[in-house]
Amino acid sequence: MTVQLEYNRIVEALPQNLASSVIAIEDHGLIIQPERLTDIAAFLKVEPGMELDYLCSITGVDCINYFEIDYLLYSIKLNHRCTLKVRLADKSEPAVPSLAGLWLGAELQEREIFDLLGINFSGHPDMKRIFLWEGFPGHPLRKDYGHGC
Amino acid sequence: MAVKTEPLFLNLGPVHPSTHGVFRMRALVDGEVITDIEPVFGYLHRGIEKLAESKSYRQFLPLTDRLDYVSSMNNNMAYVMAVEKLAGIEVPQRAEYIRVIMAELQRIIAHLLAIGSFFNDMGTFFTPFFYMFIQKEKITDLFEMVCGQRLLYNYMRFGGVSHDLPPEFIPALTRFLDEMPAEIKKYERLLAENEIVLARSKNVGVLTREMAVNASAAGPVLRASGVDWDIRKVDPYSIYDRFDFDVPTGANGDCYDRYRVRVEELTQSLNIIRQAVNGLPKGKVLNPVPLRFRPPAGEVYSHIEGNKGELGFHVISDGSDKPYRIHVRAPSFINLTALKNMLIGWKLADAIIIFGSIDICLGEVDR
């Protein structure tokens with residue numbers, strides 16, 4: 001059974017300068033400051049006892065007041081998982097550091113979120129639309145885009 | 001005399017027999033060798049995740065069939081499991097067994113198609129493919145018996161499955177289970193040690209273990225690279241913890257290993273189905289749920305081992321009768337992340353095989 005890592009344990013394991021960037025612990029994930037995302041992910045990837053070496057899935061959500069991005073991480077070796085979440089209050093120019101430098105697996109998924117939600121991943125090697133064509137108006141998965149059907 | 005060469009942009013697809021759908025690659029070739037490649041997506045993008053937000057939970061169910069359209073049963077299963085977890089719906093034991101039988105039959109179909117089209121790409125044009133298709137048709141007949149459909153089944157429901165098994169199903173399934181091992185042997189005799197197959201797929205398109213994990217590869221692609229990671233084993237869902245089966249892995253991560261892993265999984269799926277048929281309990285197959293129901297606000301991520309890898313549904317509810325957001329963790333799409341690394345340095349003819357060995361379905365890539 002893939003064990004859900006206890007978030008308190010993660011916060012305790014984080015060094016002081018990173019632990020301070022944890023905003024809250026919720027049932028479904030650890031909410032962290034977007035600026036420190038790469039540092040925290042890089043730490044969890046190699047820290048003995050965590051070793052979250054597999055980036056399973058990235059989900060972007062438009063929560064009306066903010067954008068939320070969920071990162072689901074697994075440890076193949078230790079068979080446990082945890083979810084990191086960032087919330088972007090700036091809806092006009094949302095941006096978050098890219099994890100593509102740590103996990104190649106982030107590359108296409110971040111492009112998908114850029115395309116459909118319009119969130120910019122800074123440091124991504126090839127940030128452009130993936131499913132829709134260049135010049136497509138708007139970002140369909142935003143809640144203010146309209147359904148049209 | 002010095003020969004001058006220059007790099008050439010070569011367009012593959014979107015309409016090309018080797019792309020298994022509408023996938024496009026822009027390749028930069030130096031002679032025959034690929035020096036750079038850019039996959040181009042989106043030709044089959046239907047906005048399924050956006051559509052979900054304007055439909056009720058039940059109305060979205062038939063759309064999941066259309067993600068990876070050769071593994072509709074598994075897509076159904078992943079989605080209904082996510083909503084059941086979100087809304088706390090119980091599933092009768094008989095329905096759980098039927099779901100496992102259907103999911104494993106679907107895995108056999110998908111793997112047969114993957115193997116058949118892999119050999120098509122290799123140039124053994126349609127001979128192995130039709131051997132696979134004979135067996136695939138028999139499973140399709142079984143599916144038609146239970147739900148009347150041959151491709152997009154829409155068979156599973158929140159709280160069970162739509163119909164109980166008809167009386168002729170189990171005898172027909174038993175006949176299939178009895179003859180399939182001999183068929184697999186036939187494929188093996190024809191293909192496994194074939195000189196040309198070995199020469200063209202061994203040590204071709206190697207995906208190292210480190211790269212496979214780093215690129216979030218899943219399913220047979222990940223296992224062929226030597227990672228023992230099968231959701232049915234590492235995080236058993238439904239009733240998979242009751243069955244005894246092995247997880248085949250490869251050693252080199254080349255095209256041949258990916259093909260071998262799929263062949264061996266055929267046998268494992270047959271094992272699971274046999275155990276499920278033997279343990280099939282009596283009883284009802286559906287705990288009815290209203291057509292429009294309101295799961296409590298919250299979110300859930302539920303995953304299964306799909307045919308192409310980890311198939312996950314991230315469902316977020318705001319307490320209304322429509323999902324607030326549904327995200328599909330699509331294994332075909334994410335498996336393509338490593339494509340570039342696997343192709344660069346190989347000849348164009350090898351690239352077709354390497355791409356075929358990943359086994360994608362465009363309905364799931366573009367969604």
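Chain B averages a pLDDT of 90, and 100% of the residues score at least 70; pLDDT is the predictor's confidence in each residue, from 0 to 100. The model is predicted, so local features need pLDDT of at least 70 and side-chain atom pairs count only at pLDDT 80 or more, while totals for chains, interfaces and linings use all residues. Residues are numbered from 1 along each chain as its sequence is written, and chains are lettered from A and ligands numbered from 1 in the order in which they are written. The scores of the model are ipTM 0.88 and pTM 0.90.

**Sheet of chain B**

- Three strands in the order β6-β7-β8 (chain B) form an open sheet with antiparallel pairing; strands (E, at least two residues) and helices (H or I, at least four) are DSSP runs, numbered from the N terminus, and two strands pair if DSSP finds at least two bridges between them.
- Because β6 (298–305) and β8 (325–329) of chain B stand at the edges with a single partner strand each, one side of each is left without a neighbour in the sheet.
- From one strand to the next, the twist averages 10 degrees.
- Five bridges join β7 (residues 310–317) of chain B to β8(B) in the antiparallel sense, and R329(B) in β8(B) is the bridge partner of G312(B).
- Helix α3 (residues 72–87) of chain B lies across β6 and β7 of chain B and runs at about 150 degrees to β6(B); axes are lines fitted to C-alpha atoms, for helices over the stretch in contact, and angles run from 0 to 180 degrees between N-to-C directions.

**Contact between chains A and B**

- Chain B gives 31 residues to the contact and chain A gives 26 residues, where two residues are in contact if their C-beta atoms, placed from the backbone, lie within 7 Å.
- On the side of chain B that touches chain A, the elements giving two or more residues include α1 (48–52), α8 (209–214) and α12 (331–335) of chain B.
- The largest share of that side, four residues, comes from β7(B).
- The residues of that side divide into 13 nonpolar, ten polar and eight charged; Ala, Val, Leu, Ile, Met, Phe, Trp, Tyr, Cys and Pro count as nonpolar, Asp, Glu, Lys and Arg as charged, and the others, Gly among them, as polar.

**Helix packing in chain B**

- Helices α4 (residues 93–122) and α11 (residues 255–279) of chain B pack at an angle of about 160 degrees, with their axes 9 Å apart.
- That makes α4(B) roughly antiparallel to α11(B), a term for angles over 145 degrees.
- By class, the contact of α4(B) with α11(B) has 15 nonpolar, three polar and four charged residues.

Key. Parallel < 35°, antiparallel > 145°, perpendicular 65-115°, else oblique.
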